[in-house]
Amino acid sequence: MRKKIELNSQTRILVVAGGWSSEREISLRSGRAVFTALKNQKFLVKFLVLNKPGDIFRIKNCDFVFLALHGSPGEDGTIQGYLDLLDIPYSGSGVLASALAMNKVAAKRIFLSCGIPTPRFQVLEDKIIPPEFSFPVVVKPVSEGSAIGVSIARTGKEFRQATRRAKRYGRPVLVEKYIAGKELTVGIVGETVLPTIEIVPNQQPFYNFVAKYQPGASKHIIPARISPAIDKLAKKISLQAFKALGCRGMARVDLISDGKNVYVLEVNTIPGMTATSLLPDAARAYGWSMENLLVKIIQASL
């Protein structure tokens with residue numbers, strides 16, 4: 001159980017960002033946005049950028065750590081374990097849920113065991129073998145975020161290229177059956193399920209890194225152009241996925257809908273907080289400012 005703290009103008013909050021993953025620059029953007037919003041709330045806020053592993057020892061003299069780290073070591077349970085040892089409360093999920101969500105294969109196996117729909121998949125270790133299902137397929141690194149290393153392959157040649165590209169970010173590689181449909185995302189803060197967002201990339205094949213972070217490269221449509229039944233289902237299985245992994249505080253669940261069904265793609269335990277990020281957009285649609293959102297996240301994480 002995390003130590004309880006009282007939020008007031010004397011609460012010392014340390015925003016931690018940076019790290020050494022491929023998502024470092026996005027983490028820095030998220031961290032700066034969080035730092036500014038918390039300063040506006042009159043907390044005693046400091047900003048720490050991690051540049052090397054030893055920098056974690058600079059985490060001290062604070063009442064709460066707000067994690068804006070994307071990828072390792074912030075999103076995979078590593079820093080959560082360190083903070084647990086120090087008995088410093090922090091934003092978001094704990095060690096196990098963070099590690100499970102970061103590993104897409106482990107997460108999908110839990111989804112299947114809980115009856116949560118997710119696209120068919122296979123795992124490639126070393127050899128590049130043909131997919132077990134027909135093209136097109138989606139090829140992903142198992143433990144990367146921000147769609148880094150993700151490709152859609154429609155032919156055998158594209159599949160081999162996509163697999164080699166994904167392997168640059170580690171092994172094994174995840175291969176999913178491609179589902180044509182609307183890309184959706186549902187934000188969760190505590191027990192509150194935020195409005196469903198439909199994501200429409202502009203001139204990109206899917207919601208890739210460029211579509212995520214380049215201003216104007218995608219549209220976030222709220223409310224999503226889906227039926228009430230699909231919207232209800234998307235929110236229901238998002239909360240189920242959140243709870244199945246043992247998440248707490250906040251998360252963003254990415255989904256795909258073919259119009260009849262909804263499938264969970266992945267759960268992001270530390271969603272982006274940049275100017276183009278989805279969770280702040282969903283919060284605004286719900287009536288929360290960025291400042292309100294961050295306070296809600298802190299409260300839900302304790």
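This is a predicted model: local features need pLDDT of at least 70, side-chain atom pairs count only at pLDDT 80 or more; totals for chains, interfaces and linings use all residues.
## Domain layout

The chain splits into three parts: domain 1 (12-91), domain 2 (101-116 + 180-300) and domain 3 (121-177). Between domain 1 and domain 2, the C-alpha centres are 22 Å apart. Their contact draws 25 residues from domain 1 and 18 residues from domain 2.

## The interface of domain 1 and domain 2

About 1,700 Å² is buried between domain 1 and domain 2. Carbon and sulfur atoms give 72% of that area. On the domain 1 side, Ile26, Phe66 and Glu75 lose the most area to domain 2. Together they make up 29% of what that side buries.

Zero salt bridges are found across this interface. Polar contacts are present: four residue pairs count between domain 1 and domain 2. On the side of domain 1 that touches domain 2, α1 (24-40) and β3 (64-67) each supply at least two residues.

## Helix α7

Helix α7 covers residues 228-244. Its 17 residues should span 24 Å at 1.5 Å a residue, and its end C-alpha atoms are 24 Å apart, so the two values agree. After α7 comes glycine 246, with a positive phi near 80 degrees.

Which residues of α7 are buried? They are Ile230, Ala234, Ile237, Ser238, Leu239, Ala241 and Phe242. An α-helix has 3.6 residues a turn, so residues three or four places apart point the same way. The cover over the buried residues of α7 includes α4 (104-113) and the strands β8 (182-189), β9 (192-193), β12 (250-257) and β13 (262-268).

Definitions and conventions
Residues are numbered from 1 along each chain as its sequence is written. Side-chain values use heavy atoms; hydrogens and water are left out. Helices (H or I, at least four residues) and strands (E, at least two) are DSSP runs, numbered from the N terminus. The expected span of a helix is 1.5 Å times one less than its number of residues. Buried means under 20% relative accessible area, exposed over 50%, partly exposed in between (1.4 Å probe, protein chains only). Contact means heavy atoms within 4.5 Å. Domain bounds come from an automatic or database domain assignment. Buried area is the accessible area (1.4 Å probe) that two parts lose on being put together, summed over both. A salt bridge is a side-chain nitrogen of Lys or Arg within 4 Å of a carboxyl oxygen of Asp or Glu. A polar contact is a pair of N or O atoms within 3.5 Å; within protein, one must be able to donate a hydrogen and the other to accept it, and residues adjacent in sequence count only if both atoms are side-chain atoms.
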